[in-house]
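Here is a short briefing to read with the model open beside you. Take it one topic at a time and find each residue as you go.

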Amino acid sequence: MAMEAILCGNNRLCVHLAILLNMFTNFGSLPSGFMQSVIIALVKNKSGHLSDINNYRAIAIPLPISKLFEATLEAYIKSDTDVKNHQFGFKAGHSTALCTNVLKQMVDYYTNRGSYVFAFFIDFQKAFDKFNYWKLFLKLLDDDIGNKIVHILSVWYTKQICYVRWQNVVSAGFSMGNGTRQGEVLS
C-alpha cells in the first residue's frame, strides 16, 4: 500500500487500518512482509571521497503501513523520566546545536571569572549500530509502557528482515540482532 493511499484514503480506510493495527498489538503478531526494511546508503559529504565507506550512513526505508504503525505506537511510548529534560539530540524541537551553544556559554561564564573548565566528550557515532534490543525492552517495561506494546516491539525488532539496496540492486534478506533502524520513527 502506497503512502499516498493512506494519506488520501477515506474514513472507511481509517477504520480498517485501526482494526488491523489493533489486531497486531492485541495478538502480538505481525505479518512477515510488515517487518521488512530496505536499507539505503546516503552520502554524508557530497564533496568528500565517494569511495570512502565512512562517508556514508545507512537508513532504513520501511513500508508505509509500517511507518503508520510506528507513529501510532509512538504515542504510547512517551517517557516521563527526568532524562528528557537534560537531553538535546534525538528530541523533537531540539538539536545538538542548542547543546553546543549551552556549552559555549557555560565555558565563557567560568573562564571570564578566572576558573578552569574541564570537559570530556563521548563519541556515540556507532550507538545506533550497537544498540541492544533487550535492554531497550526492559527499560520500556521499567517506564510502565504496556506489556502488549513492548511485546509487539520485541517481535518486530527480533524478526525483522532487512535488504540492502545499492543503485538498482537489492541484496538477499538478512536478520539483524542489534541496532536501531535509522530513518524510522521509533528509532
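In which loop is D144 found? D144 lies in the loop between α6 and α7. This is a predicted model, in which local features need pLDDT of at least 70 and side-chain atom pairs count only at pLDDT 80 or more, while totals for chains, interfaces and linings use all residues. Residues are numbered from 1 along each chain as its sequence is written, and side-chain values use heavy atoms, leaving out hydrogens and water.

**The whole chain**

- The protein chain has seven helices and five strands; helices (H or I, at least four residues) and strands (E, at least two) are DSSP runs, numbered from the N terminus.
- Along the sequence, the elements of the protein chain come in the pattern α-α-β-β-α-α-α-α-α-β-β-β.
- The protein chain has 187 residues, and 24% of them count as buried. Buried means under 20% relative accessible area, exposed means over 50%, and partly exposed is in between (1.4 Å probe, protein chains only).
- Among contacts in the protein chain with a separation of 6 or more, 60% come from residues 24 or more positions apart. A contact means heavy atoms within 4.5 Å.
- Accessible areas come from the Shrake-Rupley method with a 1.4 Å probe; for residues, only the protein chains shown count as cover.

**How the strands pair**

- Two strands pair if DSSP finds at least two bridges between them.
- Strand β1 (residues 36–43) pairs with strand β3 (residues 161–166) in the parallel sense, over five bridges. In this pairing I39 stands opposite V164, and V38 has Y163 as its bridge partner.
- β1 is also joined to strand β2 (residues 56–62), by seven bridges, and these two run antiparallel.
- β3 runs antiparallel to strand β4 (residues 169–170), with two bridges joining them; W166 stands opposite V169 in β4.
- β3 also runs antiparallel to strand β5 (residues 174–175), again with two bridges, and I161 stands opposite S175 in β5.
- As you look at the strands, keep a simple rule in mind: in a regular strand the side chains alternate between the two faces of the sheet.

- Most residues other than glycine have a negative phi.
- D144 is not a glycine, yet it has a positive phi of about 65°. D144 counts as exposed because its relative accessible area is 70%.
- Q167 also has a positive phi, of about 55°, and sits in the turn of the hairpin formed by β3 and β4, which have two residues between them. With a relative accessible area of 66%, Q167 counts as exposed.

- The buried residues of α7 are I149, V150, I152, L153, S154, V155, W156 and Y157. They pack against α2 (11–27), α3 (64–74) and α6 (133–142).

- T25 is in helix α2 and is buried, with a relative accessible area of 12%. Not counting residues up to four places away in sequence, T25 touches F69, L73, K148 and I149.
- M23 is in helix α2 too, but counts as partly exposed because its relative accessibility is 41%.- V15, I19, M23 and F27 make a nonpolar surface patch of about 420 Å². Patches are made of residues with over 30% relative accessible area and no salt bridge, where like charges are joined within 9 Å and nonpolar side chains (Val, Leu, Ile, Met, Phe, Trp, Tyr) within 5 Å. A salt bridge is a side-chain nitrogen of Lys or Arg within 4 Å of a carboxyl oxygen of Asp or Glu.

**A closer look at S171**

- S171 is in the loop between β4 and β5, and at 29% relative accessibility S171 counts as partly exposed.
- S171 touches Y163 and V164, not counting residues up to four places away in sequence.
- S171 and V38 are 133 residues apart in sequence, and their C-alpha atoms are 9.3 Å apart in space.
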